[in-house]
Amino acid sequence: MAILVVAEHDNETLKDATHKTVTAALAIGSDVDILVAGKGVKDVAAEAAKIAGVRKVLACDHVSLKRQLAEAMQEVIVPLMGGYDAVLAPDTTTGKNFMPRIAAALDVMQISSISGVESADTFVRPIYAGNAMATVKSSDGKKVITVRPTAFAPAEEGGSASVETIADPASPTTSEFVSEELSKSDRPELTAAKIVISGGRGMESGENFAIIEKVADQLGAAVGASRAAVDAGYVPNDYQVGQTGKVVAPELYIAVGISGAIQHLAGMKDSKIIVAINKDEDAPIFQIADYGWVADLFNAVPELEAELAKAGY
Amino acid sequence: MKVLVPVKRVLDFNVKVRVKSDESGVDLANVKMSMNPFDEISVEQAVRLQEAGTATETIAVSIGPDKAAETIRTSLAMGIDRGIHVNTDAEVEPLAVAKILKAIVDEEKPDLVILGKQAIDDDSNQTGQMLAALLGWPQATFANSMEKDGDSLTVGREVDGGIQTIKVTLPAVITVDLRLNEPRYASLPNIMKAKRKPIDAKTTDDYGVDITPRLTTVKVAEPAGRTAGVKVEDAAELVAKLKSEGVI
């Protein structure tokens with residue numbers, strides 16, 4: 001079974017979500033190729049070629065692919081699908097954007113955000129914000145699948161696949177990139193961080209996130225937030241952890257002033273260790289936390305910072 | 001500019017989801033159903049476009065059982081002009097929904113289709129993108145701002161790294177994210193007025209679309225549970241626990 005994995009990258013580095021998607025692909029079949037579509041992607045393609053178990057890397061280097069907009073990605077991927085039985089991409093905002101276009105063009109019902117592979121045609125995926133897990137079997141000849149990266153371990157390095165350059169795609173003219181405002185941070189990316197510390201409505205303001213950031217810097221952690229904190233304007237949208245934001249599964253997740261709405265839990269409940277700090281001892285977050293600390297966060301977080309400093313962090 | 005807004009009737013977001021004991025699905029008997037929250041945002045956006053004089057006509061579409069007409073009625077009470085109800089008791093997958101919507105677009109010829117980015121029941125996040133592909137139109141997904149500029153739209157999109165702004169030529173498909181606007185509550189006079197607005201009754205056969213599912217649900221199960229752990233009293237105890245777990 002030939003499977004195409006569409007790489008997640010920013011034209012400079014290959015994102016870890018790609019390695020995890022390869023793991024899902026290898027659970028479906030053994031002939032796995034990676035497509036790197038972008039602008040100036042030579043280094044990214046070379047990185048992809050090092051993933052163990054990959055047969056070959058297809059590199060498509062064209063100015064229309066610089067931002068991986070959906071219309072341009074469709075022009076590259078659909079013509080390739082004659083040679084593949086399945087196409088997989090991580091369910092990041094990039095993959096979520098272009099994959100259904102591929103599915104519709106192929107007349108296939110996409111299987112979104114899988115968290116498990118049962119067989120080559122049967123997959124497990126969360127529905128109802130992760131409150132239920134559906135096992136679905138696809139009858140389509142070709143499979144179009146997005147993969148929840150946190151549910152799969154990253155494929156190891158150690159491969160030496162060949163890199164093949166493919167022809168320039170047609171350039172769509174109906175959509176164009178204007179600008180982007182990316183959050184700048186020296187901290188690790190939310191979805192890739194080993195430790196995440198998130199604030200909720202209990203933080204009361206954006207300025208107060210400074211106390212969380214201090215602890216994050218001590219631990220080398222990423223900073224996240226609940227939807228309530230984002231809606232209140234305390235932090236930008238890309239901080240949001242939850243069913244409609246980012247799904248994270250770090251080694252350690254520290255929830256500060258977060259009550260634990262279902263939609264937030266859906267985004268972090270697969271974390272290895274969960275710590276909750278909240279003054280309301282009845283907050284639902286405590287029902288899933290490994291370590292709960294009932295305390296006023298404005299006392300507790302500085303205390304935690306001092307204790308970590310004492311321990312040499 | 002004519003605007004089409006597809007809306008879906010789903011389990012109300014405040015209702016606790018219960019998986020049926022035979023694992024055949026989620027229990028939807030006698031529970032509160034509402035308009036998909038993302039669709040409320042797209043309805044609101046369409047109504048605002050009309051209030052601003054940008055949209056000249058707004059149409060809501062829903063595909064679903066008899067009661068889906070109530071969801072259309074809600075959008076009419078919020079200010080949408082008229083509705084189209086494609087009546088079916090079958091479960092219609094996003095691909096088939098997109099095909100029916102394409103047939104409606106071919107008839108109604110809107111300049112813009114605004115959808116919620118996903119429905120909170122199946123969490124597929126597919127319909128808008130599929131519709132755009134079937135129509136050969138550009139798409140701007142996960143919109144958190146929208147500005148019309150001649151025959152194009154400039155749309156801010158919520159992406160993993162922050163906000164990306166793109167420009168799409170009309171006609172186009174937009175899917176909306178949470179922070180595009182805050183949907184209004186329908187006032188009582190508007191609810192009364194909505195009762196007299198027209199809803200076209202259609203069936204899936206009217207559009208000649210094969211809605212046979214491509215995915216079979218093998219089972220629906222409860223997610224793996226987590227249980228409450230222990231309480232700590234202070235920072236020293238917490239740091240000691242985390243060290244012994246090896247996570248810091």
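## Basis of the report

Two residues are in contact if their C-beta atoms, placed from the backbone, lie within 7 Å. The model is predicted: local features need pLDDT of at least 70 and side-chain atom pairs count only at pLDDT 80 or more, while totals for chains, interfaces and linings use all residues. Residues are numbered from 1 along each chain as its sequence is written, and chains are lettered from A and ligands numbered from 1 in the order in which they are written.

## Contact between the chains

Chain A contributes 71 residues to the contact and chain B contributes 64. The side of chain A that touches chain B holds 34 nonpolar, 21 polar and 16 charged residues. Here Ala, Val, Leu, Ile, Met, Phe, Trp, Tyr, Cys and Pro count as nonpolar, Asp, Glu, Lys and Arg as charged, and the others, Gly among them, as polar.

Strand 8 (residues 132-138) of chain A pairs with strand 12 (residues 215-221) of chain B in the antiparallel sense, over six bridges. Pairing requires that DSSP find at least two bridges between two strands. In strand 12 of chain B, Leu215(B) stands opposite Ser138(A).

## Fold of chain A

Eight helices and 16 strands make up the secondary structure elements of chain A; helices (H or I, at least four residues) and strands (E, at least two) are DSSP runs, numbered from the N terminus. An open sheet of seven strands in chain A has the order 5-9-4-1-2-3-10, with parallel pairing. Its edge strands, strand 5 (111-114) and strand 10 (162-165) of chain A, each pair on one side only.

Within chain A, strand 2 (residues 31-38) and strand 3 (residues 54-61) pair in the parallel sense over seven bridges. Ile34(A) stands opposite Val57(A) in strand 3 of chain A.
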